Amino acid sequence: MVDRDLSELYVEDNNGAKYLSTTGFVGGQQTNFNLYNFTRRINLKSHEEVVLSAKFPPIATGAKSIAFVSPALGKWQPEWRWPTISLK
């Protein structure tokens, strides 16, 4: 119940289907951020560049676009998203 308001990274297609990340963020120097090992912190030094990636299940055939979503992390971070990523 502690993590009930926390969720994993996901992509949402234009039909409203959600696809939870199978990996979470991968890359950079990550450390545990809370006691439940659910949330990770990515440490960056000043002027450091880091490449992050995440894997997701296959998107349904016929989906025209997706939005990438990082859900809110309690009091630490509000939700952020990259909307309308067109699929070819």
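The model is predicted, so local features need pLDDT of at least 70 and side-chain atom pairs count only at pLDDT 80 or more, while totals for chains, interfaces and linings use all residues. Residues are numbered from 1 along each chain as its sequence is written, and side-chain values use heavy atoms, with hydrogens and water left out.

The protein chain has zero helices and six strands. Helices (H or I, at least four residues) and strands (E, at least two) are DSSP runs, numbered from the N terminus. Buried residues make up 20% of the 88 residues in the chain. Buried means under 20% relative accessible area, exposed means over 50%, and partly exposed lies in between, with a 1.4 Å probe and protein chains only.

**Strands and pairing**

- From the N terminus on, the elements run β-β-β-β-β-β.
- E1 pairs with strand E2 (residues 18–20) in the antiparallel sense over three bridges; two strands pair if DSSP finds at least two bridges between them.
- In this pairing, glutamate 12 stands opposite lysine 18 in E2.
- E1 and E2 form a hairpin with four residues between them, and glycine 16 in the turn has a positive phi of about 95°.
- E1 also pairs with E5 in the antiparallel sense, over four bridges.
- Here tyrosine 10 stands opposite valine 69 in E5.
- Of the contacts between residues at least 6 apart in sequence, 52% join residues at least 24 apart; contact means heavy atoms within 4.5 Å.

**The nonpolar core**

- The largest nonpolar core has five residues: Leu9, Val11, Tyr19, Ile66 and Phe68.
- A nonpolar core is a set of buried Ala, Val, Leu, Ile, Met, Phe, Trp, Tyr and Cys residues joined through side-chain atoms within 4.5 Å.
- In soluble globular proteins, nonpolar side chains tend to be buried together.
- Isoleucine 66, with neighbours within four places in sequence left aside, is in contact with residues including Val11, Asp13, Ile59, Trp82 and Leu87.
- Phenylalanine 25 is in the loop between E2 and strand E3 (29–32).
- Phenylalanine 25 counts as partly exposed because its relative accessibility is 25%.
- Beyond four places in sequence, the contacts of phenylalanine 25 are Leu9, Gln30, Ile42, Leu52, Ser53, Phe68 and Trp80.
- Phenylalanine 25 and glutamate 8 are 17 residues apart in sequence, and their C-alpha atoms are 9.7 Å apart in space.

**Charged residues**

- The count comes to one salt bridge, defined as a side-chain nitrogen of Lys or Arg within 4 Å of a carboxyl oxygen of Asp or Glu.
- Glutamate 79 forms a salt bridge with arginine 81, and the closest N and O atoms are 3.0 Å apart.
- Side chains of opposite charge can pair when their charged atoms come close.
- Glutamate 79 is partly exposed, with a relative accessible area of 41%, and arginine 81 is also partly exposed, at 37% relative accessibility.
- Glutamate 79 is placed in the loop between E5 and E6.
- Glutamate 79 and valine 69 are 10 residues apart in sequence, with 7.3 Å from C-alpha to C-alpha.
- Beyond four places in sequence, glutamate 79 is in contact with Tyr10, Val69, Ser70, Pro71 and Ala72.
- Aspartate 13, in strand E1 (residues 10–13), is buried yet has no salt bridge.
- The nearest side chain of opposite charge to aspartate 13 is lysine 18, which is 11 Å away; Lys and Arg count as positive and Asp and Glu as negative, while His and the chain ends are not counted.
- The side chain of aspartate 13 reaches the backbone nitrogen of asparagine 15 at 2.8 Å.
- With neighbours within four places in sequence left aside, aspartate 13 is in contact with Tyr19, Ile59, Ala60, Ala63, Ser65 and Ile66.

- Histidine 47 is not a glycine, yet has a positive phi of about 65°.
- Histidine 47 is found in the loop between strand E4 (40–43) and strand E5 (65–70).
- Histidine 47 counts as exposed because its relative accessibility is 83%.
- Threonine 84 is not a glycine either, and has a positive phi of about 50°.
- Threonine 84 has its place in strand E6 (residues 80–86).
- With a relative accessible area of 62%, threonine 84 is exposed.

Definitions and conventions
Polar contact = N/O pair within 3.5 Å; in protein donor to acceptor, adjacent residues only side chain to side chain.
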